[in-house]
Amino acid sequence: MLTGATSGRAYQLSLVTVTSLSLVGAALLALHADSSQVSGAPRGDLPSWRQTMVQDFNVRAGAGAVGGVYGLDMRGYDGLSDSSGFGTYTPDEVLSVHDGFLDFHLHYSNDRPRVASVIPFGYSGQTYGRYSVRFRYDSIPGYKIAFLLWPASDDWNEGEIDWPEGALDGALYGNSAIKGTRTPNGMQFDPGDRRYSAARPGQWHVATIEWRPGLVQWFLDGRLVDQTTKPGGVPDTPMRWTLQVETADDASSTFPAPGAAGHVQVDWVVQYAYTP
């Protein structure tokens, strides 16, 4: 990962169901309701989580205009090589907002794959939180998605939380870099084995990170996908949410192929603070 240089509906329950549950039970069901089919950003607090930021991309912005309409942080990195070194962050060629979603148009230009990485809620970040994004992606060999929490200090040794991450022609997984384990070869990750989710190209999904003291959990459409196993390794310093779409881990001078192109679309993003 980089070492340098985030009005709709709330999660809903039917009235019939709510009348048969206690208020506490209803709130817990709402917390992990499947909102993959809900196009409006959820609004309001949840048990243990206070909503702090919402972005539902309702204002149109053409290519090159996202920074002017949504702020420079939403435009993200510019002119840098991506994690593999074979793509270039070129937000003005890649990003636009139309039809109610943020659109990443991944493609070749001037012999380089063009990618983007945006920071929807600013660089300062927060310590602990809940982060939800409704998204879909085309099957594009040679590109990947890595939505992650990255240290606001840019010190990778403080950890890193990834979800969803994976190749855009495959399945996605979650992982967390164990704080304090950095070596010249990188970081250790928890859990050690990847558990792949049911997310597939072409489908709308809601991915949620829940980060609290000693524990990170990853949810897809309200269902737990995986979680950390080492409480002492969980990051505990401010982190910023970054929506990173770039070339794949195994990218090369010929992969992605010059003709490979497609889209990652984000319907909405929501951030919460941890309030136990």
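**Entry 1: a starting question**

Which aspartate forms a salt bridge with arginine 195? I looked it up, and the partner is aspartate 226, with the closest N and O atoms 4.0 Å apart. I count a salt bridge when a side-chain nitrogen of Lys or Arg is within 4 Å of a carboxyl oxygen of Asp or Glu. Arginine 195 lies in the loop between strand 10 (189-190) and strand 11 (205-212), and aspartate 226 in strand 13 (residues 223-227), so the pair ties together parts that are 31 residues apart in sequence. Aspartate 226 is buried, at a relative accessible area of 8%. For my own use: buried means under 20% relative accessible area, exposed over 50%, and partly exposed in between, with a 1.4 Å probe and protein chains only.

**Entry 2: ground rules**

I remind myself that this is a predicted model, in which local features need pLDDT of at least 70 and side-chain atom pairs count only at pLDDT 80 or more, while totals for chains, interfaces and linings use all residues. Residues are numbered from 1 along each chain as its sequence is written, and side-chain values use heavy atoms, with hydrogens and water left out.

**Entry 3: the overall picture**

I find five helices and 15 strands in the chain. These are DSSP runs numbered from the N terminus, helices being H or I with at least four residues and strands E with at least two. The chain has 276 residues, and 53% of them count as buried. I note an accessible surface of about 11400 Å², of which 50% belongs to carbon and sulfur atoms; the areas come from the Shrake-Rupley method with a 1.4 Å probe, and for residues only the protein chains shown count as cover.

**Entry 4: the cores**

How many residues does the largest nonpolar core have? I read 50, and those with the most contacts inside it are Phe104, Leu106, Phe135, Ile209, Trp211 and Val266. Such a core is a set of buried Ala, Val, Leu, Ile, Met, Phe, Trp, Tyr and Cys residues joined through side-chain atoms within 4.5 Å. A second, separate core has seven residues, including Ala41, Leu46, Trp49 and Val206.

I then followed phenylalanine 104. Leaving aside neighbours within four places in sequence, its contacts (heavy atoms within 4.5 Å) include Val94, Leu95, Ala116, Leu243, His263 and Val266.

**Entry 5: back to salt bridges**

Searching the whole structure gives twelve salt bridges. In one of them, lysine 144 meets aspartate 249 at 2.9 Å, N to O. Lysine 144 is in strand 7 (residues 143-151) and aspartate 249 in the loop between strand 14 (239-247) and strand 15 (262-274), so the pair ties together parts that are 105 residues apart in sequence. Buried or exposed? Lysine 144 counts as buried, at 2% relative accessibility, whereas aspartate 249 counts as exposed, at 58%.

I also looked at arginine 75 and aspartate 78, whose side chains meet at 2.7 Å, N to O. Arginine 75 is buried at 19% relative accessible area, while aspartate 78 is partly exposed at 40%. Shared partners join Arg75, Asp78 and Asp92 into one salt-bridge network.

**Entry 6: rings**

I count twelve aromatic pairs. Rings of Phe, Tyr and Trp (its six-membered ring) pair if their centres lie within 6.5 Å; planes under 30 degrees apart are stacked, over 60 edge-to-face, and the rest tilted. Phenylalanine 135 and phenylalanine 147 are edge-to-face, 6.0 Å centre to centre with 65° between the planes. Phenylalanine 135 sits in strand 6 and phenylalanine 147 in strand 7, so this pair links parts that are twelve residues apart in sequence. Phenylalanine 135 is buried, with a relative accessible area of 0%, and phenylalanine 147 is buried with 0%. Trp49, Tyr128, Trp211 and Tyr274 form one aromatic cluster.

Most residues other than glycine have a negative phi, and most peptide bonds are trans. That sent me looking for exceptions.

Phenylalanine 57 has a positive phi, near 55°; this residue lies in the loop between strand 1 (49-55) and helix 3 (66-70) and is buried at 1% relative accessibility. Tyrosine 128 has a positive phi too, near 70°, and lies in the loop between strand 5 (112-118) and strand 6 (129-137).

Which peptide bond is cis, with omega near -5°? I find the one from tryptophan 163 to proline 164, and proline 164 is in strand 8 (residues 160-167). The bond from phenylalanine 255 to proline 256 is cis as well, with omega near 10°.
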